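Visitor: I would like to know what stands behind the labels used for this model. Please give the value and the cut-off each time.

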Amino acid sequence: MATNQTFTMIKPDAVQDGHTGAIIKMIEEAGFRIVAIKKTQLTAERAGQFYAVHRDRPFYNDLRAYMSSGPIVPMILEKENAVADFRKLIGATNPAQAEEGTIRKLYAKSIEANAIHGSDSDENAQIEGSFFFAATEQF
Ligand code: IDP
């Protein structure tokens with residue numbers, strides 16, 4: 001079922017560097033409505049669960065360590081065509097390949113510490129949103 005929602009989290013590097021406000025401003029100015037938001041920190045185990053699809057990749061252990069290294073800001077966002085439009089706003093996984101003006105081009109440090117997550121499908125947006133937020137936290 002197609003939805004108008006996507007899931008994002010501002011990753012530890014961008015939170016640590018004080019880019020949370022600037023990134024949220026870009027998200028809202030691009031027309032996304034914030035349905036749910038909080039500041040939290042993943043354990044390495046929870047980070048591993050979130051990225052379980054990558055468990056066989058060589059960077060999996062580093063990714064778990066990085067994603068649990070500091071606070072993150074997860075959000076559920078709403079907009080028409082949310083998943084695709086948000087992927088466009090954040091840019092390519094590797095900031096060296098991200099387009100000018102994208103969040104990753106502006107704020108990512110490396111292919112791993114790349115500032116922000118964006119769901120890659122409607123189905124994953126629902127799964128990932130539920131990973132962080134109860135129905136009573138969504139407005
Ligand atoms: P995406 O976040 O753009 O959807 P994915 O391929 O799903 O990219 O990878 C998930 C996350 O894993 C990336 O955002 C990045 O933090 C990390 N990652 C992906 N590829 C590499 C890599 O080659 N080396 C180190 N970390 C990586």
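This is a predicted model: local features need pLDDT of at least 70, side-chain atom pairs count only at pLDDT 80 or more; totals for chains, interfaces and linings use all residues.

Visitor: Why is N81 called exposed?

Guide: N81 has 11 C-beta neighbours inside 10 Å. The limit for exposed is 12 or fewer, so N81 counts as exposed. N81 is in the loop between β3 and α5, and its phi is near 60°, a positive value in a residue other than glycine.

Visitor: What makes A115 buried?

Guide: A115 has 26 C-beta neighbours inside 10 Å. Buried requires 20 or more, so A115 counts as buried. A115 is in the loop between α6 and β4. Its phi is also positive, near 75°, and A115 is not a glycine.

Visitor: Which residues carry the "binding site" feature in UniProt?

Guide: The unreviewed UniProt entry places that feature at K11, F59, R87, T93, R104 and N114.

Visitor: How do you know that K11 is buried?

Guide: There are 25 other C-beta atoms within 10 Å of K11. With 20 or more as the condition, K11 is therefore buried. K11 lies in the loop between β1 and α1 (12–16). Leaving out residues up to four places away in sequence, K11 touches M67, I72, A113, N114, A115, I116 and H117.

Visitor: Why does R104 count as buried?

Guide: R104 has 24 C-beta neighbours inside 10 Å; the threshold is 20 or more, so R104 is buried. R104 is in helix α6. Beyond four places in sequence, its contacts are I90, G91, A92, P95, A98, N114, A115 and I116.

Visitor: Where does UniProt place the "active site" feature, and why is that residue called buried?

Guide: The unreviewed UniProt entry puts the feature at H117. H117 has 21 other C-beta atoms within 10 Å, and 20 or more are needed, so H117 is buried. H117 is in strand β4 and touches T8, M9 and K11, not counting residues up to four places away in sequence.

Visitor: Which residues surround the ligand?

Guide: The ligand is surrounded by F59, L63, T93, I111, E112, N114, H117 and D120. By class, this shell has three nonpolar, three polar and two charged residues.

Visitor: Which residues have the most contacts inside the largest nonpolar core?

Guide: That core has 28 residues, and those with the most contacts inside it are I23, L77, F86, I103 and I116. The elements giving it two or more residues are β1 (5–10), α2 (20–29), α3 (44–50), β3 (73–78), α5 (82–90) and α6 (103–107). The largest share, five residues, comes from α5. As for I23, its contacts beyond four places in sequence are I10, A14, I103, Y107 and I116. In soluble globular proteins, nonpolar side chains tend to be buried together.

Visitor: How do you know that the buried residues of α5 line one face of the helix?

Guide: The buried residues of α5 are A82, V83, F86, L89 and I90. Seen down the axis of α5, they fall within an arc of 125°, so they line one face. These residues pack against β1, β3, α6, β4 (116–118) and α7 (122–132). Just after α5, G91 takes a positive phi of about 90°.

Conventions:
Residues are numbered from 1 along each chain as its sequence is written. A residue is near a molecule or strand if its C-beta atom, placed from the backbone, lies within 6 Å of it. Ala, Val, Leu, Ile, Met, Phe, Trp, Tyr, Cys and Pro count as nonpolar, Asp, Glu, Lys and Arg as charged, and the others, Gly among them, as polar. A nonpolar core is a set of buried Ala, Val, Leu, Ile, Met, Phe, Trp, Tyr and Cys residues joined through C-beta atoms within 7 Å. Helices (H or I, at least four residues) and strands (E, at least two) are DSSP runs, numbered from the N terminus. Two residues are in contact if their C-beta atoms, placed from the backbone, lie within 7 Å. UniProt positions are given in the numbering used here, feature names are shortened, and annotations may be inferred rather than shown by experiment. The arc is that of the directions from the helix axis to the C-beta atoms.
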